[in-house]
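I begin with the rings and then turn to the helices.

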Amino acid sequence: GQVKGRGSPAEAQQVWKRWFGRDRCDGAALSQEERKQITASVAAIQSLLGGPFFAKDISNSLRVRALDAVFPGCLFIRISRDPLAIAKSILKARHEYRQNRDFAMTDNPKNEWVFINSKDFEQFYDEPYLQQIASQIFHTENILEKDLGTLPESRFLQIEYENFCADPRREIQRLRDFAASHNIRLKDKSMVPESFNRPPREESLNPEQQREHNKLRALIDSNYASSRLVKT
């Protein structure tokens with residue numbers, strides 16, 4: 001979410017949170033002054049960098065309608081990933097969060113909830129921590145699916161994370177074509193590798209970690225089995 005150093009990639013969560021807060025937002029509560037601040041900030045960044053403005057913040061999954069209201073006609077790039085892989089990442093982050101703060105296994109989500117969060121997720125606070133993670137992912141996907149469904153399909157592009165890792169050049173060309181269809185010309189700034197393949201991590205799991213992963217897999221499969229959402 002944040003790489004150290006001037007000009008390094010960062011989600012800038014605190015910047016977006018200044019206007020949108022932490023909860024799901026449709027933009028209705030934003031004042032005219034706040035809208036001017038947001039658009040002026042983005043315009044200034046575009047002017048300084050001399051190119052289109054791209055922003056990646058996982059919390060913006062809850063702000064599609066607000067962003068559409070502030071930036072009419074804005075475009076969305078949705079990165080989809082196997083929900084089990086996302087769940088493992090969240091689980092790893094929660095374990096690290098506990099260790100860094102010397103927490104016991106309290107299962108207190110107010111202390112250790114990581115990644116995207118809002119009032120929408122308070123309904124899951126009393127669930128066991130593995131179920132919390134599965135519910136967090138599934139509920140986020142539902143919100144995103146519903147809100148993107150209010151937009152013309154021409155305004156968003158879906159990229160599968162696994163496909164991007166396997167063939168980034170092909171997926172970048174899809175992104176380039178998508179931008180070009182909206183009169184945005186993208187230029188290469190560096191060489192793109194043929195792939196970002198990584199070795200599997202399952203072999204290094206201890207028995208407790210394997211148990212957690214198996215439980216997560218079952219919970220995620222159960223959530224998606226009763227939904228029209230498709231695991232990607």
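**Rings**

I searched the whole structure and found five aromatic pairs, where rings of Phe, Tyr and Trp (its six-membered ring) pair if their centres lie within 6.5 Å, and planes under 30 degrees apart count as stacked, over 60 as edge-to-face and the rest as tilted. The pair of Phe121 and Phe124 is tilted, because the ring centres are 6.4 Å apart and the planes stand at 45°. I noted that this is a predicted model, in which local features need pLDDT of at least 70 and side-chain atom pairs count only at pLDDT 80 or more, while totals for chains, interfaces and linings use all residues. Residues are numbered from 1 along each chain as its sequence is written, and side-chain values use heavy atoms, with hydrogens and water left out.

I then looked up Phe121 and Phe124, and both are buried (under 20% relative accessible area, with exposed over 50% and partly exposed in between, for a 1.4 Å probe and protein chains only). Elsewhere I found Trp16, Phe20 and Phe53 linked into a cluster by ring pairs.

**Helices**

Helix H1 (residues 13-20) and helix H2 (residues 32-49) pack at about 155° with their axes 10 Å apart; axes are lines fitted to C-alpha atoms, for helices over the stretch in contact, and angles run from 0 to 180 degrees between N-to-C directions. Helices are DSSP runs (H or I, at least four residues), numbered from the N terminus. I recorded H1 and H2 as therefore roughly antiparallel, a word for angles over 145 degrees.

Key: Helices (H or I, at least four residues) and strands (E, at least two) are DSSP runs, numbered from the N terminus. Angles under 35 degrees count as roughly parallel, over 145 as roughly antiparallel, 65 to 115 as roughly perpendicular and the rest as oblique.
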